[in-house]
Amino acid sequence: MSITIDLAGATAWVTGGASGIGADIVTTLAAAGARVVSLDRLYPKSDGGHPPPPGVTHAHLDVSDPQSIERVARALLDEGLEPDILVNNAGITRDAAMWNLTDEQWTAVIDVNLTAAFRLTRTIVPSMRERHAGAIVNMASVNGIRGKFGQTNYAASKGGLIAFTRALARELGPRGIRVNAIAPGMIETPMTGQLSEDVRANAKSESALGRLGHPRDIANAVLFLVSPLASHITGHVLVVDGGQIA
Ligand code: NAI
């Protein structure tokens, strides 16, 4: 018996698709046959004027801007690109010990990592409810589960996203829509590339597998969660961390 994941006929929206984990999610879902809309504030700058690969659409979106979310989502829905899959992946860090954290650092992280996921999900849920189908994946973090020095803002955003995921799974389950979260450990991306060697080495030593994750590790988990293989999984937080918090 061979098992393949075939997403042909499905449309997926992925936020933060221009870089790091999001870029691998876009490639992986497209390779599985989905029509993918990659949404990022970096477009069109990041693609240097090159057209996206077949099956992928790039759309400029700053998820911290509520009006843009409304406008861009409406335009995509009007184009017939109703999402069967939504991956709320865009995220930022603004690390500092809590007593040094500014209002700007707090608000920026909560806005992008948590409130944007709420706003974009709210915009597309009516279309999923009408079709009685859909899969939503929210990108949380192991640091939304455990305590991590210097990340009270990030932890609050990711812990909030996990709570949002579970409550929304209850609201949408009866409509045939599944909602899950992934909690990555430290993954090699531009976000973690800025961290000191000490911090990266510490994450590696915490890991049971003795390595940092690759964006592909997370993209594969997304692929599983949005696929029919996960049709009985909702309200779940899948930790993908090489055993970092095991
Ligand atoms: P990254 O910095 O490489 O990529 C993030 C992407 O999100 C970028 O393309 C960026 O332009 C986009 N983005 C940021 N703010 C945006 C906004 N306002 N509007 C639209 N797009 C925006 O980061 P990475 O590492 O790929 O992270 C992806 C997600 O995974 C984030 O939610 C992050 O919190 C989460 N995560 C990452 C971990 C890691 O070790 N890299 C660990 C745990 C969670």
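This is a predicted model: local features need pLDDT of at least 70, side-chain atom pairs count only at pLDDT 80 or more; totals for chains, interfaces and linings use all residues.
Helix α6, which covers residues 197-206, takes part in another salt bridge through Glu206, whose partner is Arg146, with the closest N and O atoms 3.2 Å apart. This pair links distant parts of the chain, since Arg146 is found in the loop between β5 and α4 (152-172) while Glu206 is in helix α6, and the two are 60 residues apart. Arg146 is partly exposed, with a relative accessible area of 21%, and Glu206 is partly exposed as well, with a relative accessible area of 28%.

## A further salt bridge and the overall count

The side chains of Arg211 and Asp217 also meet in a salt bridge, with a distance of 3.2 Å from N to O. Arg211 counts as partly exposed at 41% relative accessibility, and Asp217, with a relative accessible area of 24%, is partly exposed too. Side chains of opposite charge can pair when their charged atoms come close. With the rule that a side-chain nitrogen of Lys or Arg must be within 4 Å of a carboxyl oxygen of Asp or Glu, the count of salt bridges in the model comes to five.

## Strand β4 and its two parallel partners

Strand β4 consists of residues 85-88, and from this strand Ile85 and Val87 point one way while Leu86 and Asn88 point the other way, with all of these residues buried. Strand β4 is joined to strand β1 (residues 11-15) by three bridges, and these strands run parallel. Within this pairing, Ala12 stands opposite Ile85 of β4.

Strand β4 is also joined to strand β5 (residues 134-139), in this case by four bridges, and here too the strands run parallel. The bridge partner of Leu86 in β5 is Ile136. Taken in order along these pairings, β4 therefore has bridges to β1 and to β5.

## Patches on the surface

Asp78, Glu79, Glu82 and Glu130 gather on the surface in a patch of negative charge. One of these residues, Asp78, has its place in helix α2, which covers residues 66-78. Asp78 is exposed, with a relative accessible area of 61%, and because exposed means over 50%, the value for Asp78 falls in that class.

A nonpolar patch on the surface is formed by Met1, Ile3 and Leu229, which together have about 430 Å² of accessible area. Ile3 is in the segment before β1, and this residue counts as exposed at 56% relative accessibility.

## Backbone details in the loops

The peptide bond from Tyr43 to Pro44 is cis, with omega near 5°. Pro44 lies in the loop between β2 (35-40) and β3 (56-60).

Another backbone detail concerns His132, which has a phi near 55°, a positive value in a residue other than glycine. His132 lies in the loop between α3 (103-131) and β5, and at 46% relative accessibility this residue counts as partly exposed.

## Gly235 and Ile177

Gly235 has its place in the loop between α7 (215-226) and β7 (237-240), and at 22% relative accessibility this residue counts as partly exposed. Along the chain, Gly235 and Ile177 are 58 residues apart, and their C-alpha atoms are separated by 11 Å.

Key. Residues are numbered from 1 along each chain as its sequence is written. Side-chain values use heavy atoms; hydrogens and water are left out. Patches are made of residues with over 30% relative accessible area and no salt bridge: like charges are joined within 9 Å, nonpolar side chains (Val, Leu, Ile, Met, Phe, Trp, Tyr) within 5 Å. Accessible areas come from the Shrake-Rupley method with a 1.4 Å probe; for residues, only the protein chains shown count as cover. Lys and Arg count as positive and Asp and Glu as negative; His and the chain ends are not counted. The place of a charge is taken as NZ of Lys, CZ of Arg, CG of Asp or CD of Glu. Buried means under 20% relative accessible area, exposed over 50%, partly exposed in between (1.4 Å probe, protein chains only).
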